[in-house]
Amino acid sequence: MARKVIHVAVNGVTGRMGYRQHLVRSLLAIREQGGIRLDDGTALYPEPVLVGRSEERLRAIAERHGLARWTTSLDEVLADPDVGVYFDTQVTSAREPALARAIEAGKHVYTEKPVASSAAAAFGLAEAAKAAGITHGVVQDKLFLPGVIKLRRLVREGFFGRVLSVRLEFGYWVFEGDGIPAQRPSWNYRAADGGGIVLDMFPHWHYLLEDLFGPVRAVYARRAIHLPRRWDESGEPYDVTADDAAYAVLEFASGAIASVNSSWAVRVNRRELLELQVDGTHGSAVAGLRECAIQHKVSTPMPVWNPDLPDPLDYTAMWTDVPDNVSFDNGFKTQWELFLKDAALGRPFPWDLSAGARGVQLAELAMRSSDEGRRVEVPA
């Protein structure tokens with residue numbers, strides 16, 4: 001089989017997400033399977049070029065996986081005509097200028113979220129990418145999760161009837177770092193570094209909810225710093241300046257309402273770290289990262305409120321799991337395959353920088369809603 005190599009600069013590869021999900025489980029996994037088959041039978045084969053700030057860590061990763069190229073110079077990568085794709089998974093504060101330089105250099109760009117720290121900057125990047133005529137995309141991995149795929153099928157096939165409401169619950173306890181090490185980096189809790197759960201997670205919630213239920217037209221939100229003091233990677237205490245929890249009500253153009261709770265200061269009592277409950281006139285579903293359970297109108301029980309007696313109904317037993325039916329690949333890898341194929345063929349990518357900018361816009365409006373204590377409309 002003929003092979004076509006596409007060189008991909010991966011900036012931020014020494015971070016947890018960049019290394020584990022994007023390099024090992026996506027790009028290297030694609031190489032191990034022999035590449036991506038194009039329509040003409042050619043195998044598109046990604047060749048990663050590792051980019052970061054630490055020479056030592058980059059060299060170690062390259063040697064571990066037998067990769068030939070790594071560099072601490074973004075200028076070097078962007079000046080190389082052999083590099084066709086630039087991918088960014090840096091900290092948020094460094095992403096916008098790096099993406100702007102990559103677009104100016106004529107590279108196809110693919111990036112983690114948020115695209116930028118402000119909606120104006122994010123939409124500016126989208127316009128620049130469009131003017132440059134490049135293929136550009138944003139990671140929207142949750143669309144490719146098994147639980148969400150099952151939920152989308154229910155929506156498309158009319159299982160719910162008219163969707164009335166959505167409840168999104170996300171979060172887990174992130175340790176403060178004074179005893180047990182924190183499982184998230186300290187920059188996540190510093191506003192100056194682009195931290196905060198609203199800026200981090202609301203771009204995810206935007207693309208996920210928009211894909212399933214249509215445009216969001218208004219938001220009311222409250223953000224909070226529940227744990228004001230944490231300890232960084234060196235064991236030094238620091239003051240938290242970015243929100244670690246947010247509680248929001250979203251209104252869809254359809255008339256449906258969503259309550260969205262996100263927190264790094266909550267202990268989990270649900271099947272998965274992310275769950276969406278959808279209630280409609282004909283049925284309901286609860287979907288997570290992998291599972292999706294349903295209850296149709298005809299099998300809905302009739303609870304009776306009586307606090308004086310034990311409730312005889314086992315509510316969770318009355319739900320039915322949606323079967324897998326098909327095999328599911330890693331969501332990050334699946335979207336990488338789609339993006340690399342579009343970049344190689346020079347065609348638009350469905351989940352582009354404009355989609356990413358709308359996610360930043362929702363986060364920005366949620367923060368404004370919280371700061372001003374009012375409902376804020378989302379521009380159409």
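Visitor: With which hand does helix 1 pass helix 2?
Guide: This is a predicted model, in which local features need pLDDT of at least 70 and side-chain atom pairs count only at pLDDT 80 or more, while totals for chains, interfaces and linings use all residues. Residues are numbered from 1 along each chain as its sequence is written, and side-chain values use heavy atoms, with hydrogens and water left out. Helices (H or I, at least four residues) and strands (E, at least two) are DSSP runs numbered from the N terminus, and a crossing is left-handed if the near helix is turned anticlockwise from the far one by less than a right angle, right-handed if clockwise. By that convention, the crossing of helix 1 with helix 2 is right-handed.

Visitor: Which residues of helix 2 meet helix 1?
Guide: Contact means heavy atoms within 4.5 Å. Tyr 19, Leu 23, Val 24 and Leu 28 supply the side of helix 1, and their partners in helix 2 are Ile 61, Arg 64 and His 65.

Visitor: At what angle do helix 1 and helix 8 pack?
Guide: Helix 1 spans residues 16–32 and helix 8 spans residues 331–345, and their axes lie 9 Å apart at an angle of about 60°. That value makes helix 1 oblique to helix 8. The packing angle asked for is about 60°.

Visitor: Which residues of helix 9 make the contact with helix 7?
Guide: Helix 7 (residues 197–213) and helix 9 (residues 353–372) pack with axes 8 Å apart at about 120°, and they are therefore oblique to each other. Helix 7 contributes Val 198, Leu 199, Phe 202, Pro 203, His 206 and Glu 210, and helix 9 contributes Ala 355, Arg 358, Gly 359, Val 360, Leu 362, Ala 363, Ala 366 and Met 367.

Visitor: Which residues line the second largest pocket?
Guide: On a 1 Å grid over the protein atoms alone, a pocket is an open set of points where a 1.4 Å probe fits, with protein on both sides within 12 Å along at least five of seven lines, and lining residues have an atom within 4 Å of a point. The second largest pocket holds about 260 Å³ of space. Its lining consists of Arg 270, Arg 271, Glu 275, Val 286, Ala 293, Tyr 315, Thr 316, Trp 319 and Asp 321.

Visitor: What is the omega of the cis peptide bond that joins Lys 113 and Pro 114?
Guide: Pro 114 belongs to the loop between strand 6 (108–111) and helix 5 (119–132). For the cis bond from Lys 113 to Pro 114, omega is about -10°.

Visitor: What is the phi of Asn 325?
Guide: Asn 325 is placed in the loop between strand 17 (320–321) and helix 8. Its phi is positive in a residue other than glycine, with a value near 65°.

How values were computed
Axes are lines fitted to C-alpha atoms, for helices over the stretch in contact, and angles run from 0 to 180 degrees between N-to-C directions. Angles under 35 degrees count as roughly parallel, over 145 as roughly antiparallel, 65 to 115 as roughly perpendicular and the rest as oblique. Grid points are joined across faces, edges and corners, and a volume is the space filled by probe spheres set on the points.
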